[in-house]
Amino acid sequence: MQARSDMIAVYVARRNEATWEFLQLLRGPGRYLAGTWATVYGGVNSGETAWQAALRELFEETGIVPEALYRLPTARAFYTAGDDTLWLVPAFCALVLPDAAIRLNDEHVAYRWIASDQARDLFLWPTDRAAIVEIVHELLREDSPLRDYLRIDWREA
């Protein structure tokens, strides 16, 4: 078995009046997991940090530059049997303005915003559902003691 950690996940959230919403992207035909709704996933290029890859993939797949970027306290982990690989995936949350314009690349054919209380039911993978719970609890609450510690000051780096 091999282990890899050259993939990232980015969960995109925006404030919509009194609630938070999460962005989902519909995977296009001929793509891995075609026809499923997902978050932003991508690879880490050589010489790139995970958070740099998160920003790059977010922009490539959606055209978005976030207002704020946070790392999640825990990484996603999953196993793929076809290549006998254990994946350890750093995850991030990008906060965007309510009117952020989405520009999809060729990997996706549609997008939707879903309310945070529905998000746990509308993501396919258990790791995504766990990430949503973690984001809501640790990042989106104004009184979260971890929020400031998880912020990545990428504009100053």
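This is a predicted model: local features need pLDDT of at least 70, side-chain atom pairs count only at pLDDT 80 or more; totals for chains, interfaces and linings use all residues.

Tutor: Helix α3 covers residues 126-138; helices here are DSSP runs of H or I of at least four residues, and strands are E runs of at least two, numbered from the N terminus. Residues are numbered from 1 along each chain as its sequence is written, and side-chain values use heavy atoms, leaving out hydrogens and water.

Buried residues of α3 are Asp128, Ala131, Ile132, Glu134, Ile135 and Glu138 (buried: under 20% relative accessible area; exposed: over 50%; partly exposed: in between; 1.4 Å probe, protein chains only). Viewed down the axis of α3, they fall within an arc of 165° and so line one face of the helix; the arc is taken from the directions from the helix axis to the C-beta atoms. An α-helix has 3.6 residues a turn, so residues three or four places apart point the same way.

Two aromatic pairs are counted, with ring centres of Phe, Tyr and Trp (its six-membered ring) within 6.5 Å; planes under 30 degrees apart are stacked, over 60 edge-to-face and the rest tilted. In one, the ring centres of tyrosine 11 and phenylalanine 123 are 6.3 Å apart and the planes stand at 70°, so the pair is edge-to-face. Phenylalanine 123 lies in the loop between α2 (116-122) and α3, and tyrosine 11 in strand β2 (residues 7-16), so the pair ties together parts 112 residues apart in sequence. Tyrosine 11 is buried at 0% relative accessible area, and phenylalanine 123 is buried at 3%.

Definitions and conventions: The expected span of a helix is 1.5 Å times one less than its number of residues.
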